[in-house]
Amino acid sequence: MGLLSWFKYTSPFGMAFMFQRLTGIVLLFYLCLHLSYLTSLQSRELYESLTTLTVSKQFFILDSLLILCGVFHGLNGLRIIVHELGFAHEHRRLILAITAVLAILGWILGSYLLYMALGD
C-alpha cells in the first residue's frame, strides 16, 4: 500500500477522504511555513519585509485556498466523527452534500472578508 493509494477513490465518500488527506497535508505544510515565519520575529527588518510580501493582493489567492482547505478539513472532520460514532448512517449522502455546500459557503464568506480586510 503506497502513498498514491491514499488518493484513490471509488465513491463520493472515498473522494471526501482523499480531499481530507490532501487538505491535511496542505495545512501541515502551511503550519511549518507559519512556524518558520514566526521565527523571523527576531529580526525587525525581515519581519517587516515578510509582512509586506504576505499581506498583499498577490497572496490573496493562496490565502483564499488556505481558507478553503481549513473550512473543508474542519467540516469534513466533523462529518467523519458523526459517522464514526454511529449516527446518521442512513443519511450519509445528504450529510456529505450539506458538508460540501457549507464548505463552499464558508470559503466564499471567508474569502470575501479577507478581500475586504485587504482594502483597495
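1. Tyrosine 115 counts as partly exposed, at 39% relative accessibility, where buried means under 20% relative accessible area, exposed means over 50% and partly exposed is what lies in between, with a 1.4 Å probe and protein chains only. Its ring is paired with that of phenylalanine 60, the centres being 5.7 Å apart and the planes at 70°, so the pair is edge-to-face. By the rule used here, rings of Phe, Tyr and Trp (its six-membered ring) pair if their centres lie within 6.5 Å, and planes under 30 degrees apart count as stacked, over 60 as edge-to-face and the rest as tilted. Phenylalanine 60 is buried, with a relative accessible area of 18%. Since phenylalanine 60 lies in helix α3 and tyrosine 115 in helix α4, the pair ties together parts that are 55 residues apart in sequence; helices (H or I, at least four residues) are DSSP runs, numbered from the N terminus.

2. A word on provenance belongs here: this is a predicted model, in which local features need pLDDT of at least 70 and side-chain atom pairs count only at pLDDT 80 or more, while totals for chains, interfaces and linings use all residues. Residues are numbered from 1 along each chain as its sequence is written, and side-chain values use heavy atoms, with hydrogens and water left out.

3. The structure holds 2 aromatic pairs. In the pair of phenylalanine 19 and phenylalanine 72, the ring centres are 6.2 Å apart and the planes stand at 85°, so this pair is edge-to-face. It links distant parts of the chain, with phenylalanine 19 in helix α1 and phenylalanine 72 in helix α3, 53 residues apart. Phenylalanine 19 is partly exposed at a relative accessible area of 34%, whereas phenylalanine 72 counts as buried at 14%. Leucine 22, also placed in helix α1, is partly exposed with a relative accessible area of 39%, and its C-alpha atom is separated by 11 Å from that of phenylalanine 72, 50 residues apart along the chain.

4. Which residues lie nearest the centre of the second largest pocket? Among the 13 residues that line it, they are Met15, Phe19, Thr23, Leu68 and Phe72. A pocket is taken on a 1 Å grid over the protein atoms alone as an open set of points where a 1.4 Å probe fits, with protein on both sides within 12 Å along at least five of seven lines, and lining residues have an atom within 4 Å of a point. The volume of the second largest pocket is about 290 Å³. Helices α1, α3 and α4 (92–118) each supply at least two lining residues, with α1 giving the most, 6 residues. The lining divides into 12 nonpolar residues, 1 polar and no charged.

5. The largest pocket has a volume of about 510 Å³ and is lined by 16 residues, of which Tyr30, Leu33, Phe59, Asp63 and Leu66 lie nearest its centre. Two or more lining residues come from each of α1 (12–38), α2 (44–54) and α3 (60–84), and the largest share, 7 residues, is that of α1. By class, the lining holds 12 nonpolar, 3 polar and 1 charged residue, where Ala, Val, Leu, Ile, Met, Phe, Trp, Tyr, Cys and Pro count as nonpolar, Asp, Glu, Lys and Arg as charged, and the others, Gly among them, as polar.

6. A search of the whole structure finds 0 disulfides, a disulfide being a pair of cysteine sulfur atoms within 2.5 Å. The sulfur of cysteine 32 is 15 Å from the closest cysteine sulfur, that of cysteine 69, which is too far for a bond. Cysteine 32 counts as partly exposed at 48% relative accessibility, while cysteine 69 is buried at a relative accessible area of 13%.

7. Serine 40, in the loop between α1 and α2, is buried with a relative accessible area of 5%, and its C-alpha atom is separated by 42 Å from that of histidine 83, 43 residues apart along the chain. Alanine 88, in the loop between α3 and α4, has a phi near 60°, a positive value in a residue other than glycine, and is partly exposed at a relative accessible area of 23%.

Definitions and conventions: Grid points are joined across faces, edges and corners, and a volume is the space filled by probe spheres set on the points.
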